[in-house]
Amino acid sequence: MTPFIRLHSADDVLIARSQLVGGTQAENVTIKGLIPPGHKVATRAIAAGEPVRRYNQIIGFASKAIAPGDHVHTHNLDMGPDKGDFARDYAFGADVKPAPTKREATFMGIKRADGRVATRNYIGVLTSVNCSATAARAIADHFSRQTNPAALAAFPNVDGVVALTHGTGCGMDDKGMGMQILERTLTGYATHANFAAVLVVGLGCEANQINAWLAHSALREGDNFRVFNIQDTGGTRKTVDKGISLINEMLPRANAVKREPCSAAHITIGLQCGGSDGYSGISANPALGAAVDLLVAHGGTAILSETPEVYGAEHLLTRRAVKRDVGEKLVERIKWWEHYTAINGGEMNNNPSPGNKAGGLTTILEKSLGAVAKGGTSNLEAVYEYAEPVGAHGFVYMDTPGYDPVSATGQVAGGANLICFTTGRGSAYGCAPSPSLKLATNSALWRKQEEDMDINCGEIIDGASTVAEMGQRIFELVLATASGDKSKSEAHGYGQNEFVPWQVGAVM
């Protein structure tokens, strides 16, 4: 096995499989100095201003002359004078392919009365505003299996009572984009199949008035959906007591479920990557993409997101758009982000993070080209705005920030009942009410942080597995997790603190 990886015959760089020392031969090039694992080494002389290719795509421009064998990183590679604004060939629909042969697989899911299928069975406590967060948490804490196991002892089919609180809901335009996003997000969670019942606690005087939200969302109170305000109830203690009483009424109904065989077509995965490294686009991301193609062939749905982290690779997605307007909607969201970052004094290359760079990623273009691999090769069926309900089956896109908790919150609001999350640096993310699977990009991370990782895609780098084989393993793990097997993050109790709706606009 070579100590380096060549991804395409036309690439200008090789990727270090392990640390390379000066004097090492890589193809016909002599390495100069140390090249850390996952980092790039030049295979030819590159003049200042020339584009540099990886995956046979432009990942940046040489900021100064680069010699063969040089380490290629932030010291000699950047976005160029136009900050990455070079022509992309969108070629709308050019790579659309026939639908895959329909396949059948099942998992043990929970069928709701309205036909939706759940992978988990929680009761949720949501808040309209940050001001009611403490009361909501106190309600959920009463039902904690760790501190008060008697509360749920008679209800083994209930996965738990979780409070999903947030830091907004007031100090904002009650008709603006930020409020619209918050309302969509709360609606998506209030109606999520993984919640058997939901309680919403407000304060009473906030901008996000519960009654206005209900009217906009067409939600109505019922046995399994109750709302009330602290100010109407008479204070915190009375609010907590009322919440506990209402959940005690909901528990017998929530417990009256059983798992039964359900088509994999009912699985919707939110695709995430966080703490990415130079191996992400070689191992875990393409392996997850292979699993996505399998899920799509079985009628399921996968949601790619994190728009700032597909920037510079969007042309690979527009080629797969089933209709021109689907591809154009994605490009429009890219243009929105360019404007949004500019008016806030930033630029798209403010991403990657310091940890991404330490792991070998240099520019957002390079990071994005690896990130889109999570979406496999299936046709792009639809593009959604943040927290919109996902109605299409197959591979779809949702516009979200790149920040993982915010992005995954939007995906779950859209209907994702499971998250697959690749990481090279070591994320410790978890999600509720949808379980999250962690995919390590390299074996060193797996060995160091195995308690947080669900599968080691580093075997691809090590030569012990192929992308296709790992994709099959991920797909099988998805089915098992959707059937009730706990993910590592669930075992650690992650999920309640990771609900982070996207906050857009001025805080007033």
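Predicted model: local features only at pLDDT ≥ 70, side-chain atom pairs only at ≥ 80, totals over all residues.
The exposed residues Asn-211, Ala-215 and His-216 sit on the face turned away from the helix's buried side.

And which residues of helix 3 are buried? Helix 3 covers residues 210-217, and its buried residues are Ile-210, Trp-213, Leu-214 and Ser-217. They span an arc of only 100° around the axis, so they end up on the same side of helix 3. Here's a handy rule to go with that: an α-helix has 3.6 residues a turn, so residues three or four places apart point the same way.

What do the buried residues of helix 3 pack against? Their partners are helix 2 (177-190), strand 14 (195-202) and strand 15 (225-229).

Take a look just past the end of helix 3, too.

## Helix 1 meets helix 5

Now over to another pair. Helix 1 (residues 133-141) packs with helix 5 (residues 236-255) at an angle of about 45°, and their axes are 9 Å apart. Because of that angle, helix 1 counts as oblique to helix 5. The crossing of helix 1 past helix 5 is right-handed.

Which residues do the touching? Helix 1 brings Ala-135, Ala-138 and Ile-139, while helix 5 brings Thr-239, Val-240, Gly-243, Ile-244 and Ile-247. Sort this contact by class and you get six nonpolar residues, two polar ones and no charged ones.

Notes: Residues numbered from 1 in each chain as written. Heavy atoms only, no water. Axes fitted to C-alpha atoms, helices over the stretch in contact; angles between N-to-C directions. Helix = DSSP H or I, 4+ residues; strand = E, 2+ residues; numbered from the N terminus. Parallel < 35°, antiparallel > 145°, perpendicular 65-115°, else oblique. Left-handed = near helix turned anticlockwise from the far one by under 90°. Contact = heavy atoms within 4.5 Å. Nonpolar A, V, L, I, M, F, W, Y, C, P; charged D, E, K, R; others polar. Buried < 20%, exposed > 50% of the residue type's maximum accessible area, 1.4 Å probe, protein only. Arc of directions from axis to C-beta.
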